[in-house]
Amino acid sequence: MNLKFNKMNAKIKSILLILTIGLLLGFTSKTDDTGNLTISFNHFFKGQKIDFTSEFVNSHDEKIKFSTLNYFISNIKLTKKDGTSYSIPQDSSYFLVKESEIQSKQLHLKNIPKGEYSGITFTVGVDSVRNTMDIARRTGALDVGGTAKGMYWIWNSGYIFFKMEGTSPSAPDQQKNKFAYHVGGFGGYNTKTINSIRTKEFETNGLMVSRDKNPVVAINVDLAGMFDAHTPIKIAERSTVMWGDISTKIADNYISCFKFFNLSYK
Amino acid sequence: MYLIFFLMIAFVVASAFVIDDDQPVKIVVPSNFPAPVYNLEKNKITQKGVELGRQLFYDGLLSIDGSTSCGSCHQQVSAFVQQDHDFSHGVENRIGRRNALPLANLIFSKSFFWDGGVFNLDLTPVNAIENEVEMGENLDHVLKKLNASLLYKARFKATYGVDSITTNLFLKSISQFLATMVSANSRYDKYVRKEGEVLNADELEGLNIFKDKCSTCHSSDLFTDGSFRNNGSTADFRFDKGRHEITLADADIGKFKVPSLRNVEFTGPYMHDGSLQSLEEVLEHYNSGMKASASLDPVFKKRDKPGISLDGNEKRKLVAFLKTLTDQEFLTNKKLSEF
């Protein structure tokens with residue numbers, strides 16, 4: 001009886017504690033010290049907006065129709081002119097951008113300390129720490145049984161950072177003209193493996209974050225460069241890439257496709 | 001904000017009723033074993049969790065057509081390999097390209113599968129679930145099926161106090177069951193731990209031959225060093241490059257995980273391709289059947305012809321010793337069985 005009472009007591013105590021924390025959190029988030037920021041991704045091919053019905057032609061004269069375009073954005077960091085920076089907290093810094101889902105192309109970042117930021121840095125892909133972290137910490141965009149479906153190699157543990165699929169007459173008939181580029185590789189766990197993690201930094205001069213401003217940083221991604229920016233990738237020669245030394249070269253190609261477009265306020 | 005806050009209260013109240021009652025299960029590390037690799041701190045093992053994991057392990061719901069469970073290819077009577085199959089049979093009778101590895105002492109393993117492509121025990125079931133020739137399913141669809149099952153919803157609620165079955169809790173439940181698959185009570189174990197077991201003269205001589213000629217790779221009382229080596233079972237790697245498929249290193253073409261030898265009496269056929277039928281054939285392979293290729297392990301290159309010299313007498317004694325690694329308790333433990 002007495003034991004049961006003590007247990008009840010502990011339960012009430014923990015409820016009160018959580019109540020207090022909850023209230024405190026509720027108040028602090030309403031202060032004037034933070035603001036929101038949106039990063040918006042727009043996909044192009046030689047300047048033309050990408051969709052899944054149009055035909056595009058790469059610099060190797062190969063006709064392309066896209067069916068999948070997904071990639072992870074992570075480890076977002078905002079830098080100031082004085083050299084200081086603010087990193088978006090780890091547990092809310094992983095996003096899966098999908099051409100097929102309009103809302104996924106807008107990353108909404110909250111509770112950013114107010115101020116002027118002169119640059120944004122992010123990773124296309126998922127860092128090695130998250131790739132090897134306990135499954136309990138891999139929620140949201142990283143849930144291999146949820147949002148990250150199809151973006152994880154089950155036989156070779158690790159996230160697929162970038163996935164582009166579609167059809168092209170240049171891809172072999174026997175695979176129904178399908179091409180697929182799945183790029184990943186975080187460097188390996190016990191043994192060194194390929195590393196396709198790529199990071200991009202942009203100048204965002206004049207970017208003001210505060211409670212009453214809602215800045216939007218637009219990033220244009222022109223994926224024509226995926227086929228030719230540094231290493232020529234011809235569908236006729238290489239229509240399927242899943243896990244190979246060429247993966248890192250493709251990563252070099254696509255990272256150079258990400259370009260700052262403009263800064264606006266909602 | 002307040003939704004989260006209410007959920008927190010709901011969780012505290014629910015956990016007070018549910019988790020308090022559950023019994024933690026202590027995984028006893030055998031005194032002749034190294035420390036576990038799996039982080040048991042991050043997956044608190046309870047009686048209910050293990051029981052739930054066992055039910056999932058033996059449930060065909062995890063496969064696309066309901067036909068194939070983990071237990072279909074990992075059968076207890078044969079130390080959790082598929083009896084008499086060189087390649088495992090999955091859904092729609094599709095045939096895999098590798099021989100299923102036995103399941104035992106998984107929490108002591110640094111990597112999983114013949115090529116070591118998976119390094120976290122929690123993620124091993126997904127490999128079988130999503131492999132087209134094994135269970136042919138998608139993890140997210142398995143979770144949808146589980147969340148639509150009143151039985152499983154009730155089981156997860158009773159075990160973890162949750163209303164929704166997540167990737168994490170699904171995988172952690174299976175890991176809890178896998179963690180209990182410790183095989184360490186063979187006659188050999190009881191002999192080395194001085195628990196009153198005696199090995200006969202052949203078995204003892206076999207043990208000494210083993211230490212001399214096999215224990216470089218099959219080291220420690222796990223009977224594997226966890227490394228990847230080419231043991232010459234084939235020189236044709238066109239359809240299976242083994243460890244190379246993960247590391248992409250040329251030196252790794254044709255290397256496969258050194259398997260444990262626990263319960264080896266029952267885990268045949270042997271090798272990644274299931275090409276050898278009996279222990280006698282395996283030993284003769286090392287003596288005379290080795291197929292040389294560029295990545296053949298240096299331990300086999302100590303004589304003119306690659307291999308390890310074993311005469312008839314040595315082979316007989318080695319087989320006698322290898323059979324002392326049979327763990328009857330493990331093979332018949334009701335807590336690991338389907339029914």
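**The annotated site in chain B**

Analyst: In this predicted model, leaving aside its neighbours within four places in sequence, B:Cys214 is in contact with B:Ile209 and B:Leu318. B:Cys214 belongs to the annotated site: the unreviewed UniProt entry gives a "binding site" that covers B:Cys214, B:Cys217 and B:His218. The lining of the second largest pocket includes B:Cys214, B:Cys217 and B:His218.

Next, the position along the chain. B:Cys214 sits in the loop that runs between helix H9 (201-213) and strand S1 (228-229) of chain B. B:His218 also lies in the loop between H9 and S1 of chain B.

Is B:Cys214 buried or exposed? Its relative accessible area is 17%, and buried means under 20%, so B:Cys214 counts as buried. The cut-off of 20% applies to B:His218 as well: its relative accessibility is 13%, so B:His218 is buried.

Which residues are in contact with B:His218, leaving aside its neighbours within four places in sequence? They are B:Phe210, B:Phe223, B:Thr224, B:Val258, B:Pro259 and B:Leu261. Of these, B:Phe210 falls within the range of helix H9 (201-213).

To sum up, the UniProt record names B:Cys214, B:Cys217 and B:His218. B:Cys214 is buried at 17%, and B:His218 is buried at 13%.

Notes:
Residues numbered from 1 in each chain as written. Chains lettered and ligands numbered in written order. Predicted model: local features only at pLDDT ≥ 70, side-chain atom pairs only at ≥ 80, totals over all residues. Heavy atoms only, no water. UniProt positions renumbered as here; feature names shortened; annotations may be inferred. 1 Å grid on protein atoms, 1.4 Å probe; cavity = no way out; pocket = protein on both sides within 12 Å on 5 of 7 lines; lining within 4 Å. Helix = DSSP H or I, 4+ residues; strand = E, 2+ residues; numbered from the N terminus. Buried < 20%, exposed > 50% of the residue type's maximum accessible area, 1.4 Å probe, protein only. Contact = heavy atoms within 4.5 Å.
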